[in-house]
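Here is a short briefing to read alongside the sequence and the 3D view. Please have both open as you go through the points below.

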Amino acid sequence: LIGAADEHIPILNGIADKLNYRDLILTSGASFFVMTNKKCKKAIAEVVATSVTGQISDITMAIENFVEENKINSKDIDLILFSGSAAAEKQLKEVFNDKLICDYQKYCGTYFSNSGFAFHLSVDILERRKVKFDFMENEQNNIKSILICNNLSSANLGLTLVKSLEA
């Protein structure tokens with residue numbers, strides 16, 4: 001069992017100020033998952049690779065390094081979920097210019113462990129193998145691989161690649 005929970009309490013306002021989250025309203029959230037290293041019939045997805053990097057200056061370079069170090073073909077990534085700013089989205093589009101990119105924070109709010117929501121969303125999408133966000137005209141089918149980019153703080157980057165076991 002892995003997971004995290006955040007509850008909005010007054011002390012978080014001070015922490016948010018120190019992390020330069022002054023313009024964001026922090027919310028509460030929780031995510032917990034059962035993980036195993038053994039194959040089982042009910043498994044939907046696997047975590048292929050993860051990375052946490054602090055004090056980054058270039059998101060694009062950090063993602064390209066992650067893809068290269070893990071021998072991932074960026075063409076095989078079907079969807080990128082990110083939390084962050086319009087600047088982060090622009091940088092992601094430089095790396096994944098023809099891919100579907102979605103700010104998952106719009107759906108769950110801002111809290112320090114909101115990447116857990118993105119992981120849950122990823123597994124749900126991989127189980128259905130399709131996605132249609134509110135900004136899309138048409139549903140996108142055959143989703144097999146999702147990259148979660150947690151860039152809630154512009155100085156830090158968490159990357160998680162989740163892949164369908166049926167892929």
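Which strands does helix H5 (residues 115-128) lie across? Helix H5 lies across S3, strand S4 (79-83), S8 and S9, and runs at about 170 degrees to S8. Please keep in mind that this is a predicted model.

**The sheet**

- Five strands form an open sheet, in the order S3-S9-S8-S4-S5, and their pairing is mixed.
- Strand S3 (45-53) and strand S5 (100-103) stand at the edges with a single partner strand each, so one side of each has no neighbour in the sheet.
- On average, neighbouring strands of this sheet are turned by 15 degrees against each other, direction ignored.
- S3 and strand S9 (residues 157-164) run antiparallel and are joined by eight bridges.

- Helix H2 (residues 59-69) lies across S3, strand S8 (145-150) and S9.
- The angle between helix H2 and S9 is about 40 degrees.

**Ser-145, a residue to look up**

- You will find Ser-145 in strand S8.
- Is Ser-145 buried or exposed? Ser-145 counts as buried because its relative accessibility is 7%, and the cut-off for buried is under 20%.
- Leaving aside residues up to four places away in sequence, Ser-145 touches Asp-76, Ile-77, Asp-78, Leu-79, Leu-126, Leu-161, Val-162 and Lys-163.

**The salt bridge**

- The count of salt bridges comes to one.
- Its partners are Glu-89 and Lys-93, whose side chains meet at 3.7 Å, N to O.
- In general, side chains of opposite charge can pair when their charged atoms come close.
- Glu-89 and Lys-93 sit four residues apart in helix H3 (residues 86-95), so about one helical turn separates them.
- Glu-89 is partly exposed, with a relative accessible area of 23%, and Lys-93 also counts as partly exposed, at 43% relative accessibility.

- Where is Leu-19 found? Leu-19 is in the loop between helix H1 (11-18) and strand S2 (29-33).
- With 39% relative accessibility, Leu-19 counts as partly exposed.

Notes
Residues are numbered from 1 along each chain as its sequence is written. This is a predicted model: local features need pLDDT of at least 70, side-chain atom pairs count only at pLDDT 80 or more; totals for chains, interfaces and linings use all residues. Side-chain values use heavy atoms; hydrogens and water are left out. Two strands pair if DSSP finds at least two bridges between them. Helices (H or I, at least four residues) and strands (E, at least two) are DSSP runs, numbered from the N terminus. Axes are lines fitted to C-alpha atoms, for helices over the stretch in contact, and angles run from 0 to 180 degrees between N-to-C directions. Contact means heavy atoms within 4.5 Å. Buried means under 20% relative accessible area, exposed over 50%, partly exposed in between (1.4 Å probe, protein chains only). A salt bridge is a side-chain nitrogen of Lys or Arg within 4 Å of a carboxyl oxygen of Asp or Glu.
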